[in-house]
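Subject: Structure handover

Hello,

Here is the structure I promised to pass on. Please open it first, then read my notes below.

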Amino acid sequence: VKNLTVTRLCNRQVITAVNDSFPGPSLRVREGDKLIIHVFNMSPYKITIHWHGVSQLMSAWSDGPEMITQCAIRPGSNYTYKYRITKQEGTLFWHAHSSFLRATVHGAIIIHPRARHSYPFPKPYREVPILLGEWWNANVVDVENQALALGIGPNISNAYTINGWPGDLYPCSQNQMYKHRVEQGKTYLLRIINAAVNSHLFYKIANHNMTVVAVDARYTNPYVTDIVVISPGQTVDVLLTADQPVGSYYMTANNYASGSGTAVGVPFNPTTTRGVIIYQGARSSITPLMPVVPAFNDTPTAHKFFTELTSLVGGPHWVPVPLNVDHKMFVTLGMGLDDCPPNVSCQDRPPVGAALSGNMNNVSFVLPTILSLLQAFFFNVGGVYTTDFPANPPVQFDYTNPSINLDPPLLFAPKGTRISKVKFNSTVEMVMQNTAIIGVENHPMHLHGFDFHVLAQGFGNFNPATDTPKYNLVNPQMRNTVSVPVGGWAVIRFVANNPGVWFMHCHFDGHMAIGLSTAFIVENGPTPDTTLPPPPKDLPQC
């Protein structure tokens, strides 16, 4: 990990990158492989690497979130991550889990079936990683630090990118566009990753349908669509058949800005990145066809895509839904306010002149500073965290009613490192309920260490009497990151069969940084192979 100078949007800029490449290198592995990855931090920043979506079964010390499972790797130091890919196939990705560095420190994890095993769909002619990203004409560490110092949201990005390239709609970018050549009649597997920092994205290819076959490294029933909607932290594998007349066709990615119409008018980047699919034999003089790009606030399209995917029952590594629940949680999540930072004036900020904050069940999460949560758990060190995260909201209210914006008792959430503790092998169900405090927004919620079933999603306030019967207990999609609908709710369920400490957070880095997160301790199981092993000798110290 070190500095790299690149040119984008008319500027030469120093970024943090891995192995001199942006995006970073793809890890191509098979299910069952053990990975040993040596990370040398030659950058000026402390850093960790998270292997996003990898279950890390019995390898919590290699998960990577800073101050959750490890202290950061200091400049000039190194750490070796060791883990096995277990019962997961498809596409995941790795990224920095310190500040906004993941804007440029990220790459694909491509998990093929074991030797002599096949995909549960026709073998594609070629496989193509499509990493969707976000670019700032600024140092991304400074972008986050400025937002935290002022108590405001981070400056919006200057561009979106496809495989690191912004495309020809941006300044000085005519020759900085991703191009993929195809043969007519062939089928390609696109491994689409949303590596953007703070943006949901719509992805389209002009005049072409795509067939979704997996999400978050879990196989789905084939789902034909002309659009993919993908939140930060999510992956979508699609089959693309080059079945159109020989020519060139733009692919596009643009923001799904769910919070843009809310009371506080969440700012967003309205631009579009594009690459191009070029058929073999196409004339270079022909202008590529452009898809119709969805409106930035097209929630019906987003909701349709997010809710219509289902698991491939009986497919490789399919997991039936656990029917008996041991630990039920109802968790509100959203924005709130905090005291104004020192030496900053917040008087002109609606609704009451304060800094932005995030919370879950009225707890604004604070990372520890002297020891990671996993170290504190393993060595039984007191004073680092408490296990009293509320399983229900401390105050019940009309969660999605915008008028609560002006109710001060609900606006300011206390800060704390309060987390949940659950028994090994217990089944956890969580209803995640968006709130309208400081405006409604779709929050992409990511759980480390587990894939979960998404049982149901909807708008408004969750109603147990009418919404519980809607649970899909037969073939719900499995995910590691779920987009909780704007002004709505989502229900997830998982088996806590992996001892350790596991982070759960909004995958908008701007929200995670101000407390929209929590964590789970999963206790050890009854046998040595279900007991968390001791930390590696090279674990970074704080």
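Which residues have the most contacts inside the largest nonpolar core? They are Ile130, Leu190 and Tyr203, in a core of 141 residues. Bear in mind that this is a predicted model.

Take Leu190. Beyond its neighbours within four places in sequence, Leu190 is in contact with Val128, Ile130, Tyr203, Ile205, Val236, Asp237, Val238 and Leu240. Another core lies apart from the largest one. That core has eight residues, including Phe121, Leu189, Val213 and Tyr219.

Four strands form an open sheet in the order 3-8-7-5, and the pairing is mixed. Strand 3 (27-30) and strand 5 (49-52) are at the edges. Each has a single partner strand, so one side of each has no neighbour in the sheet. On average, neighbouring strands here are turned by 20 degrees against each other, direction ignored. Strand 5 runs antiparallel to strand 7 (residues 90-96), and four bridges join them. Within strand 7, Ala96 stands opposite Ile49.

Now some backbone details. Most residues other than glycine have a negative phi, and most peptide bonds are trans. The bond from Phe22 to Pro23 is cis, with omega near -5 degrees. Pro23 sits in the loop between strand 2 (11-17) and strand 3.

Two residues other than glycine have positive phi values: Met67, near 70 degrees, and Asn343, near 65 degrees. Met67 is in the loop between strand 5 and strand 6 (78-84). Asn343 is in the loop between strand 20 (327-338) and strand 21 (355-360). Met67 is buried, at 7% relative accessible area, whereas Asn343 is exposed, at 86%.

Best wishes

Methods: Residues numbered from 1 in each chain as written. Predicted model: local features only at pLDDT ≥ 70, side-chain atom pairs only at ≥ 80, totals over all residues. Heavy atoms only, no water. Core = buried A, V, L, I, M, F, W, Y, C linked by side-chain atoms within 4.5 Å. Buried < 20%, exposed > 50% of the residue type's maximum accessible area, 1.4 Å probe, protein only. Contact = heavy atoms within 4.5 Å. Pairing = 2+ DSSP bridges. Helix = DSSP H or I, 4+ residues; strand = E, 2+ residues; numbered from the N terminus. Axes fitted to C-alpha atoms, helices over the stretch in contact; angles between N-to-C directions.
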